[in-house]
Amino acid sequence: MIHIGSIARSTPARMLATAVGIGLFTYVMLLATATTAVAYTLLGCAYDSGSISPITYRFFSISDSDIETGFVEAEVDWDLTSAPGYFDECSICLDPEINVTDDYYEDNNYAQVAYSCDGDDTFSGNEVNMQFNTKYDLDEDENQVIAMHEMGHAYGLDHVTGSCHAMTVPIRWTCGDRPSFDDVNGVDYIY
Ligand SMILES: [Zn+2]
């Protein structure tokens, strides 16, 4: 009862009235639905929809093994969702869809994704370049959170503010290691 009361106090009166009428479980479902429609934003281009099963990636010149391990864990996080497509390491392919590297650079970001858009709203060359910044010496779990976010960019998602989404900025470190419903809905919309 204490937990339910705590939720209700921060809830608009209209939602609270609904919740009282139909019970907590449905109430939670309504809350999830209520934030879905507007939570994701799009980069403006993405992979060709025929080439996301899999989205191939390859590690090039990774100096910090925590980055590689975190990335692989983030791959599992995304692949466990219902989002279309999946990520798959291609350790020898010459033209992967994500080129993953790391380097030390002074910018105040944990990683960056570089891409350009063709006229048909696909990534040029059907690929993106993802570079992790070794400046902050993040551990495996922290790199997992960052990689989950960057893989959202690779899918074609842009930043959002507020709530616990993979694409939320600034990064919400305590939001768990799964993309949110809204992240997945954004990917569903694109593909
Ligand atoms: Zn970002």
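Me: Which residues have the most contacts inside the largest nonpolar core?

Reply: A nonpolar core is a set of buried Ala, Val, Leu, Ile, Met, Phe, Trp, Tyr and Cys residues joined through C-beta atoms within 7 Å, where a residue is buried if 20 or more other C-beta atoms lie within 10 Å of its own, exposed if 12 or fewer, and partly exposed in between, with C-beta atoms placed from the backbone. Here the largest core has 36 residues, and those with the most contacts inside it are I55, I98, M148, M151, A154 and Y155. The elements β2, α5, β4, β6, α6 and α7 (181-190) each supply at least two residues of this core, and α6 gives the most, with 7 residues. Keep in mind that this is a predicted model, in which local features need pLDDT of at least 70 and side-chain atom pairs count only at pLDDT 80 or more, while totals for chains, interfaces and linings use all residues. Residues are numbered from 1 along each chain as its sequence is written.

Me: What does pLDDT average over the protein?

Reply: The pLDDT is the predictor's confidence in each residue, from 0 to 100. The protein averages 83, and 80% of the residues score at least 70, but over residues 1-37 the pLDDT is below 50.

Me: Why is α6 described as largely enclosed by the rest of the structure?

Reply: Helices (H or I, at least four residues) and strands (E, at least two) are DSSP runs, numbered from the N terminus. Of the 16 residues of α6, 13 are buried, so this helix is largely enclosed by the rest of the structure. The expected span of a helix is 1.5 Å times one less than its number of residues, and for α6 (residues 140-155) this gives 22 Å, which agrees with the 22 Å between its end C-alpha atoms. After α6 comes G156, whose phi is positive, near 115°.

Me: In what order do the strands of the open sheet lie?

Reply: Strands of a sheet pair through backbone hydrogen bonds, either parallel or antiparallel, and two strands count as paired if DSSP finds at least two bridges between them. In this model 5 strands form an open sheet in the order β3-β2-β4-β6-β5, with mixed pairing. The edge strands, each pairing on one side only, are β3 (87-89) and β5 (111-114). Parallel pairing joins β2 to β4 over 3 bridges, with R58 opposite N99 in β4, and also joins β4 to β6 over 6 bridges, with I98 opposite V128 in β6. By contrast, β5 and β6 (residues 128-133) are antiparallel over 4 bridges, and A114 stands opposite N129 in β6.

Me: Which residues make up the covered face of β4, and which the uncovered one?

Reply: The covered face holds I98, V100 and D102, whereas N99, T101 and D103 lie on the uncovered one.

Me: Which strands does helix α5 lie across?

Reply: Axes are lines fitted to C-alpha atoms, for helices over the stretch in contact, and angles run from 0 to 180 degrees between N-to-C directions. Helix α5 (residues 65-79) lies across β2 (55-59), β3, β4 (98-103) and β6, running at about 145° to β3. Helix α6 packs on the sheet too, touching β2, β3, β4, β5 and β6, and its direction makes about 15° with that of β5.

Me: What does M148 touch?

Reply: Two residues are in contact if their C-beta atoms, placed from the backbone, lie within 7 Å. Not counting residues up to four places away in sequence, M148 touches A74, D77, W78, A166, D177 and P179.
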